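This report describes one protein chain, from its overall fold to individual residues.

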Amino acid sequence: MSGVKIRVPRKLVAEMNVVPYIDVMLVLLVIFMATAPMMTQGINVDLPDSNSEPIDTNKDEPVIISVTADGSYYIDVGSDSRKSASLETVQGHALRIHKQKPSTLFLVEGDSQVAYAKVVQLMGALQEAGITQLGLVTEPQGSNE
């Protein structure tokens, strides 16, 4: 009986191996870090500089209406925020939003190269729609983007 080995059963380990989970988490983190900057949506507008105080927008999400350098209007409404719209269309969207939530703040984002008259026309159309909570978006003075 010298050649026969008696097998002693191993004791079970009751620990969870978390190394594979850490690897998966790190891969997901890298994927999110790489794709997050690409998910930013908006209209490219070169805002003028100003030394005004920032507006408190904690209570409700403001509606941003943009006027690009070529004079096109864009309103940040649903999935159509990247689509150019006429002044009348923007005014209609703003009127509907204002009727649903009268306390909504409307912000006008005008490119620094756009004609001043285009921004004034937009603000006049918004005031005709009954919107009184209206602001202008500017960049802090001295900021370089």
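The sections below cover the basis of the model, the fold, the core, the surface and one loop.

## Basis of the model

This is a predicted model, in which local features need pLDDT of at least 70 and side-chain atom pairs count only at pLDDT 80 or more, while totals for chains, interfaces and linings use all residues. Residues are numbered from 1 along each chain as its sequence is written, and side-chain values use heavy atoms, with hydrogens and water left out.

## Overall fold

The protein chain holds three helices and six strands, where helices (H or I, at least four residues) and strands (E, at least two) are DSSP runs numbered from the N terminus. Read from the N terminus, their order is α-β-β-β-α-β-α-β-β.

Of the 145 residues, 27% are buried; buried means under 20% relative accessible area, exposed means over 50%, and partly exposed lies in between, with a 1.4 Å probe and protein chains only. Among contacts (heavy atoms within 4.5 Å) between residues at least 6 apart in sequence, 68% join residues at least 24 apart.

## Nonpolar core

A nonpolar core is a set of buried Ala, Val, Leu, Ile, Met, Phe, Trp, Tyr and Cys residues joined through side-chain atoms within 4.5 Å. The largest one has 19 residues, of which Ile 65, Val 90, Phe 106, Leu 122 and Leu 126 touch the most other members. At least two residues of this core come from each of strand 2 (63–67), strand 3 (73–75), helix 2 (87–100), strand 4 (106–110) and helix 3 (116–128).

Leaving aside residues up to four places away in sequence, Phe 106 touches Val 63, Ile 65, Ala 94, Ile 97, His 98, Ile 131, Gln 133, Leu 134 and Gly 135. Ile 131 also has its C-alpha atom 9.6 Å from that of Lys 99, 32 residues apart along the chain. Lys 99 belongs to helix 2 and counts as exposed because its relative accessibility is 63%.

Tyr 21 sits in helix 1 (residues 19–35), and its 53% relative accessibility is why it counts as exposed.

## A buried loop residue

Thr 68 lies in the loop between strand 2 and strand 3, yet it counts as buried because its relative accessibility is 9%. Its side chain makes a polar contact with the side chain of Asp 70 at 2.4 Å; such a contact is a pair of N or O atoms within 3.5 Å, where, within protein, one must be able to donate a hydrogen and the other to accept it, and residues adjacent in sequence count only if both atoms are side-chain atoms.
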